[in-house]
Amino acid sequence: MSNIFSLISDKEKQSTSSATETQEYFVNMGPQHPSTHGVLRLLLTLDGEIIRKVEPHIGYIHRSIEKMCEKDSYQQIVHLTDRMDYLSCHINNEAVCLAVEKGLQLEVPDRVKYIRTIISELTRLSSHQLWWGVMGMDLGAITTFLYGFRDREQIIDIFEETCGARLTMNYNVPGGVMFDIHPNFQKRTKDFLKYFKEKLPEYDELLTGNVIFTERTKDIGYLSKEDAISYGVTGPSGRASGFSCDVRKKDPYSAYDRVDFKEIIRTDCDSYGRYKVRIAEMYESLHIIEQLIDNIPEGDFKAKTKAVIKLPPGEYYQRVETARGELGVYIISDNKKSPYRVKFRSPGFSNLFALDTMAKGYKIADLVAMMSTLDLVIPDIDR
Amino acid sequence: MFKSIYKYLSDIFNGVKTLLTGMKITGYYFFHPKEIITQQYPENRETLKMFDMFRGEVVLIHDENNEHRCTGCSACEIACPNGTIEIISDKAIDPETGKSKKVIDKFVYHLQMCTMCNLCILACPTDAIKMAQTFEHAVYDRSTLTKVLNKPGSKIMAGVKE
Ligand code: SF4
Ligand code: SF4
């Protein structure tokens, strides 16, 4: 009897031990996955539900924008950057124009600087509104998506009236802006500021305090300051890891040296921190626009430039702060009407590759939250 | 023991409270439907008007005599970043001077390639083209998106010089 028992228990032991022994396996997340917000493919190495490795595979929406720039004139390059990070299109346009103006050593009128700064901040706001809505939706709250879009619509209307397009505005031209601002621009913007100041606390009420939301973001996706710096994670994602990297403060362009605003830095290093930085940035953006909107100086909306722009031979670099982080534009000119080489340092690319460090050891369900707080725009990564 | 039960219960209570805070906002909008801004498209097609600046498609301006201002100079074609515009020009005898001069035969516009960047409008020296506010561009056949913008029988306005 005892023998049989011992046999069974031995067998049981064996079977249980082989059941707990796990094997790593692979899962493809994307390229057609609703929460990657575009054609991004992540190759996940999983151990049960635990993430061991995240390997981003990119290139599904590569359009060779950098190569196309080599045959385009400097005016034409601008509209291509709309198609990189389409949520900060105005800021991308501005980056190229600033780089070209640097090459031409052209001082743009003050009016242009003010208009560019206001519209950049409106773009940042609209991008963060969309991100907030989508972030809620990724975590299962569809309500936030609709609320985010409701408020974004007001900004889009401002763009449509002044710039002529809702998303890919192409409002900047080297030397200034394409048209003067619409007579309604100031009034509409002020109405929006008033409106959104009332609505922004709703965002906090709806999502920030929500118990499900905090459980899914707090202490999830830890990215230390050292890692953030070594990966070059910039923008709100970097600042949530305590990395002070706001180009608007470090290397002011346009009218940012004339306004007073705070660089939001948090040291939580987790998804919740990245969320809070963006919410706080919305308040700062409102504050920046408030200071500028009544003081737009009179003057030309465009400095005089030649019809065919040729940059003197040399290298020109300009960086700006988009809604996602630091965008760098690097132009090499050989005195022709198209640049010899253009390189974009896009924030999304660097931010994405920190995902591996960030996600290691967490559950697969948290990956969606982490990606949301990185605020990835896939065309920006692939270009 | 007592403490952990207390914590357990207070967690539940706080959780429910935060959920209710969110529900309060949704409830508010449920009872205030006036504050919802949804547009009923396409039912509101008649009243829906785009802003004057809105860039929908490139059109060649014709006046009531079927005359336009395009000289066929191709500045728009050169300014366009993606080959959307093709100017096919022709020679005609100018009735005043008797010399032959360039006129457009066809102003071909490939709407499917246009990115609405507005560079052609800025480039035109005679303001012959503008952006129209149309936005419903869906068609069944892609070839119908290639348009000839100068109307049949149209000619250049008198006095417009390159
Ligand atoms: S709007 Fe831009 S893309 Fe379209 S025809 Fe004009 S220049 Fe070309
Ligand atoms: S539309 Fe204007 S730019 Fe284009 S060919 Fe005619 S006149 Fe020249």
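1. A residue is near a molecule if one of its heavy atoms lies within 4 Å of it.

2. A word on the ground rules before we go on. This is a predicted model, in which local features need pLDDT of at least 70 and side-chain atom pairs count only at pLDDT 80 or more, while totals for chains, interfaces and linings use all residues. Residues are numbered from 1 along each chain as its sequence is written, chains are lettered from A and ligands numbered from 1 in the order in which they are written, and side-chain values use heavy atoms, with hydrogens and water left out.

3. Now for ligand 2. Its shell also has 13 residues, the closest being B:C70, B:C73, B:S74, B:C76 and B:C124. By class, this shell contains 9 nonpolar, 4 polar and no charged residues.

4. Next, have a look at chain B as a whole. The domain assignment, which is automatic or comes from a database, gives domain 1 (1-34) and domain 2 (58-156). Taken over C-alpha atoms, the centres of these two domains of chain B are 62 Å apart.

5. Chain B also has an open sheet of 3 strands, ordered β3-β4-β6, with antiparallel pairing. β3 and β6 of chain B stand at the edges with a single partner strand each, so one side of each has no neighbour in the sheet. From one strand to the next, the twist averages 25°, using axes fitted to C-alpha atoms and angles from 0 to 180 degrees between N-to-C directions. Strands are DSSP runs (E, at least two residues) and helices likewise (H or I, at least four), numbered from the N terminus; two strands pair if DSSP finds at least two bridges between them.

6. Let's follow the pairs in that sheet. Strand β3 (residues 85-93) of chain B is joined to β4 (residues 100-110) of chain B by 9 bridges. B:A92 has B:K101 in β4(B) as its bridge partner, and B:E86 stands opposite B:V108 in β4(B). Between β4(B) and β6 (residues 146-148) of chain B there are 3 bridges, with B:Y109 partnered by B:K147 in β6(B).

7. Chain A has an open antiparallel sheet too, with 3 strands in the order β1-β2-β3. β1(A) and β2 (residues 41-47) of chain A are joined by 5 bridges, and A:Y25 has A:L46 in β2(A) as its bridge partner.

8. Finally, two backbone details to find in the loops. Most residues other than glycine have a negative phi, and most peptide bonds are trans. A cis peptide bond, with omega about 5°, joins B:Y41 and B:P42; B:P42 lies in the loop between α1 (2-31) and β1 (57-60) of chain B. A:N170 is not a glycine, yet has a positive phi of about 50°, and sits in the loop between α6 (142-163) and β4 (172-173) of chain A.

Key:
Nonpolar A, V, L, I, M, F, W, Y, C, P; charged D, E, K, R; others polar.
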